[in-house]
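I am opening a notebook page on this structure. My entries follow the order in which I looked things up.

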Amino acid sequence: MAYNGFAIDEYLDAAAVTAQLDALIQKPVYSIRRDRLKGYVEDYFEAKCPQSKAMIAQAKRVIPGGVQHNLAFNYPFPIVITKAEGAKLYDLDGNWYYDLLQAGGPTILGSNMPAVREPVIELLNTCGPSTGLFHEYEYKLAKKISELVPSVEMFRMLGSGTEACMCAVRIARLKTGHKNILKMGGAYHGWSDQLAYGIRVPGTKGLLSKGVPGFVFKHTDEFFPGDLEDLERKLKANRLTGGTAAVFLEPVGPESGTRPVSKEFVRGAAKLARDYGALLIFDEVVTGFRIGLSGAQGYFGVDPDLTIFGKIIAGGYPGAGGIGGHADCMAHLGAGLDSSGKKVAKAMCGGTMAATPISCVAGYHALCEIERTNACEAAGRMGDRLTKGLQALIAKYKLPFVAFNQGSICHLDSVGTMHFAIDWKKPWTIPQILKETGIRQKEMEHMGAAYMAEGIVTLAGSRLYTSAAYTEEMIDDVLARFERVFSHCGRLEVRR
C-alpha cells in the first residue's frame with residue numbers, strides 16, 4: 001500500500017494489538033534490572049548530569065516539584081535542556097539526546113527548524129510578539145487550516161487544547177440544546193473540571209481528578225474505547241436526562257492511541273453521534289497534521305462537527321490551541337447568524353493572548369513547510385522503521401513488551417499501565433487495580449530513565465514520536481541504544 005501523503009501505510013489491527021496488551025497485563029512485570037538501573041543513576045545521571053541536578057534542586061525551592069510541566073519530569077531528576085535542533089536535544093551539561101518526546105507531539109518537522117524560526121525572528125524585529133489587535137497572519141493561518149481540513153469551515157485560535165475543549169462543550173450545548181457530554185474512557189481532553197473525567201484508565205470516573213468536586217461531573221460520562229454498544233447505551237440513557245450534546249473522541253484511541261481503536265469503531269461512533277443528535281468532536285491535538293494534512297479525520301474519512309487543535313497550530317510556539325468546524329457550529333463564537341440566517345447565542349470564550357502574531361506566524365509557516373516537504377509521510381516512514389526494529393528486539397530478548405504505531409505516533413509498552421480498566425460492578429477490585437497501575441507506573445519511570453541514560457528522550461518511557469528530521473541512520477542508532485537497555489531487562493520480584 002502507498003502512504004498517499006498520510007503518515008500511515010497500513011493501519012494496525014486494533015483487535016490484535018489489544019489482545020497483546022491484554023496478555024501483557026496478565027504477565028509478571030519485566031523492567032530494567034535493579035543493578036543496571038543503579039548503574040545508570042550513578043554512571044550517567046550523577047556523573048554526567050551534575051549541573052542539571054543542581055539546577056533542579058534550586059528550582060524546587062520556587063517551583064512545585066521543580067518543573068513547570070509534567071512532561072519535564074524524569075527519574076531520578078529532570079534534565080535541563082538548553083538547545084533543540086532537528087532530531088536532537090542538548091542539556092546543560094553538554095550531553096545530547098535523540099528527541100522522541102517532540103514536545104508532546106507538535107514538532108513534526110523537527111525542533112527549531114529554520115523555515116519556522118526565521119519568519120518568527122523577522123516578526124519580532126518588526127511587530128513584536130503581541131499587540132492585542134488583529135494581525136494579518138490570524139487570517140492566513142485560519143485560511144490555511146480551512147484549506148487543509150475539509151470539516152473546518154471556520155477556525156478560532158485559543159491558548160491551548162484545554163481551552164479549545166472547554167469551548168467545544170459550550171458550542172455543543174448551544175447548538176444541540178442538550179446537556180450531557182460523552183467522552184472516550186482513558187482519553188485526555190485537557191484539564192478543565194468537567195472533562196477531567198475517566199482519564200488515563202477507563203472507568204476511573206473522577207477518581208484521578210483530585211480537587212474537582214463530584215457534582216461537576218453530573219453531565220459528563222465516559223464510554224469504553226472501541227465499544228460501540230457501550231457508547232449507544234450511554235447515548236440512550238442520556239435521552240432521559242437532557243440528551244447528549246457532544247461525543248468526544250481521540251480518533252486513534254485514548255492517550256494518542258495507547259489503547260488503539262479500529263477504523264470501524266471511529267466510523268460507527270460518528271454515525272451514533274449523528275443518530276442521537278450529538279455533535280461529533282474530534283480531539284486532534286496530537287493527530288492533527290501528524291497523521292496527515294487533513295488530520296486523522298481525513299485518513300478515516302469522517303466529517304466531525306468540531307475539531308480540537310493544539311501544539312502544532314502555533315508551530316511549537318506558545319498559544320498552541322484552537323477549535324475549528326462547520327460554520328453553523330462556529331457561528332456560536334461570533335454572536336451572529338448561523339448558516340440558515342438564524343441569530344444564535346454566543347458561547348462564552350476568551351483569551352487575551354490567543355492568536356498572537358508570533359503564534360500565528362509560526363503556525364502558518366510550520367503548516368506550509370509540512371505541506372511542502374510531505375513531512376507527515378516522512379515522519380510516518382521513520383515511525384514504521386522504529387516500530388519494526390523494536391518488535392525485532394522484543395522478540396530477540398524474549399520480552400513481553402508490546403510495540404505498535406499509528407504512523408509517527410509510536411508506542412513501546414513494557415508494563416501495560418494504561419491498559420487496565422475499572423469495573424464499577426466489581427468495586428472490591430478497584431483498590432488493587434489502582435495499586436497495580438501505581439507499581440507499573442514506577443517501572444515506566446525506571447525504563448524512561450534507562451532510555452534517557454542511553455541518549456533517548458521519550459514520553460513517560462512508553463510513547464515515541466518521530467519527526468521528518470530523522471533519517472534511517474538515526475533510527476538505526478536509536479534502535480542500537482534501545483537494545484542496550486533491553487539486554488539488561490528481566491523479570492522483577494515486585495511487592496504488592
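In what order do the four strands of the open sheet stand? I read the order as 2-3-4-14, with mixed pairing. The model is predicted, so to speak of local features I need pLDDT of at least 70, and side-chain atom pairs count only at pLDDT 80 or more, while totals for chains, interfaces and linings use all residues. Residues are numbered from 1 along each chain as its sequence is written, and side-chain values use heavy atoms, without hydrogens and water.

**Sheet.** I took strands (E, at least two residues) and helices (H or I, at least four) as DSSP runs, numbered from the N terminus. Two strands pair if DSSP finds at least two bridges between them. Strand 2 (81-85) and strand 14 (456-457) each have a single partner strand, so one side of each lacks a neighbour in the sheet. I then followed strand 2 to strand 3 (residues 88-91): the two run antiparallel and are joined by four bridges. Lys83 has Tyr90 in strand 3 as its bridge partner.

**Arg481.** I found Arg481 in helix 15 (residues 472-486). Is Arg481 buried or exposed? Arg481 is buried, because its relative accessibility is 13% and buried means under 20% relative accessible area (1.4 Å probe, protein chains only). I listed its contacts (heavy atoms within 4.5 Å). Leaving aside neighbours within four places in sequence, Arg481 touches Trp96, Tyr98, Glu454, Gly455 and Ile456.

Note on methods: Buried means under 20% relative accessible area, exposed over 50%, partly exposed in between (1.4 Å probe, protein chains only).
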